[in-house]
Protein chains: 2
Amino acid sequence: MTADRSIQDIPRPADIETAAERIRPFARRTPVFTCTAINVITGATLFFKCENFQKVGAFKFRGAANAVFKLSDKQAAKGVATHSSGNHAAALSLAARLRGIPAYIVMPENAPEIKKRAVAGYGAQITFCEPTLAAREEALKKVVKQTGAVFIHPYNHPAIIAGQGTATLELISQTDELDYLLAPVGGGGLLSGTSLAAAAFSPRTQVFGAEPEEADDAYRSLQAGRIIPSENPRTIADGLLTSLGPLTFEILRRHVRRILRVSEADILRAMRLIWERMKIIVEPSAAVPLGALLGGDFDFRSKRIGVILSGGNVDLDRLPWQKS
Amino acid sequence: MTADRSIQDIPRPADIETAAERIRPFARRTPVFTCTAINVITGATLFFKCENFQKVGAFKFRGAANAVFKLSDKQAAKGVATHSSGNHAAALSLAARLRGIPAYIVMPENAPEIKKRAVAGYGAQITFCEPTLAAREEALKKVVKQTGAVFIHPYNHPAIIAGQGTATLELISQTDELDYLLAPVGGGGLLSGTSLAAAAFSPRTQVFGAEPEEADDAYRSLQAGRIIPSENPRTIADGLLTSLGPLTFEILRRHVRRILRVSEADILRAMRLIWERMKIIVEPSAAVPLGALLGGDFDFRSKRIGVILSGGNVDLDRLPWQKS
């Protein structure tokens, strides 16, 4: 039943193209960077899609803007709601503000101050809850019931996935044909959009997911043929702690060639390499695909490889290479 | 006498255009970034010329490449030499390697390891000296005598200045007309090139220098009408410790509207703002012009302002906002 419903929900190529049109007035067309030094180190030719320069500092704005502006006026009137302490919360809040509707965000009370401030800064109304899955879902249910807001899931949602796919649609238009395309995978929204867009608009490009070894639920789920959630994952890639949903699982199963698992050391090394050599700020999650290339589990040499740099939101007072 | 010689040495507009042609195969055409959040904070419309993305991570490569490739084969045969522990040393080393000639760099023995490694990594031969001006000049004289290499001064040199001016030539072609243009000033090479290029190719644009209060020799020199060197300057903007030379003094005197002095707190605030909002890595020196806008000594509001982000070389283990 779930699988059947999920299949109907899989965005079609036209949904990604429509999403690109829809978000064009609001989202940034981010640049593609290359880096000679990193090409030399990896032996490949890399094209970095810089979603760290996207609004709110992450690709998440694409999906959120698509979901918010896709609503009818009647649907949108009472606002949107979600649970997230991360980039999706900020993205949904900004998209809602741009549409002039309220955003209700459920956030664990122990979320970092910097994230609370960011979301509040975009004008969202925050409801704090205990840091458990049960408390979060209950709080969200209550908020939705009280306000009548539309729940926009962070990743297991067709409009979110179609929106995330627009980064790849752009990347394809900004480069010649790529052999491979790599994106990080947490809940799978970005990788779903990436793989659908590649399958539709650059069918000879093979898509890989990159995942921390310490939060490898997508790897294990695709191996097992069913969703196996992560349990208490611990990784510096704090954007990739969530587990796949039924819709993203189904899309990844169909369109992703393989999930590459990356050690914490390789994530850190990749992040530092991007900062030092490219002079841009990426968050640890965004460095996971380059970490996979450095890890060397797979022979990528002399290939043309697209890499989605998913975001750049990092606490500058607590960088992961600092002893604290 | 010095002044007379200096006047003859001032690069002409055609020298900047020739420099742009000469370095085109080697240097990067860096992008111009805008940032809504920083526009809101300053009340101006800012166009950041991202020389932190330049080869070796700083504008210095433009001047060095111009100076190295301008030499005749005979002049170049014995290599180039300079004294610098910073970006000019790395830039000259890379330019020399690209031309296939030796580079000899005189560096104080207490220079940071990271800078020694960078210069050595470009294949230069390093001579260490005691960290005094006298020791440095003596060591350089000795190196030049032994090797026959051509001394390329870091800033008081026409080809260096013409090369640095190419950043502004590009910026002018990448934006509509600017009201103001700001660049940091240390030895004055960048600001000289910037002001010459603006005077020639965008004459309605007024050029300002931005300088740390703690190393304000350019401000004092232009006030006094003669060069007054900094004595033991202490600022986090470690690229701006040097004092003007006769040639850069003469150019600044003619073409720069005013030198703005910036407090350490405003430099730090500007640097952090660029990192957080633009997601790019700049060194403290590069943040000085934005610091001047934040300082508010001058009314820049609703103006279109170009800002040269001079470089991005920073020790990621010792960021200036960290207590150490």
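## A pair of strands in chain B

Let's start with a single spot: Phe48(B) stands across from Val307(B), which belongs to E10(B). This is a predicted model, so keep that in mind throughout. Around that spot, strand E2 (residues 45–50) of chain B runs parallel to strand E10 (residues 304–309) of chain B, and six bridges link the two.

## The sheet they belong to

## Chain A overall

Over in chain A, there are 14 helices and 10 strands. Its radius of gyration comes out at 18 Å, close to the 20 Å that the globule rule gives for 324 residues, so chain A is as compact as a globular protein of that length. Along the principal axes, the C-alpha atoms of chain A take up a box of roughly 55 × 50 × 40 Å.

What share of the 324 residues in chain A is buried? The figure is 55%. Looking at contacts in chain A with a separation of 6 or more, 75% of them join residues 24 or more positions apart.

## Where the chains meet

The two chains touch through 12 residues of chain B and 12 residues of chain A. On the chain B side, that contact set splits into six nonpolar, three polar and three charged residues.

Key:
Residues numbered from 1 in each chain as written. Chains lettered and ligands numbered in written order. Predicted model: local features only at pLDDT ≥ 70, side-chain atom pairs only at ≥ 80, totals over all residues. Helix = DSSP H or I, 4+ residues; strand = E, 2+ residues; numbered from the N terminus. Rg over C-alpha atoms; globule rule 2.2 N^0.38 Å. Buried ≥ 20, exposed ≤ 12 C-beta atoms within 10 Å, placed from the backbone. Contact = placed C-beta atoms within 7 Å. Nonpolar A, V, L, I, M, F, W, Y, C, P; charged D, E, K, R; others polar. Pairing = 2+ DSSP bridges.
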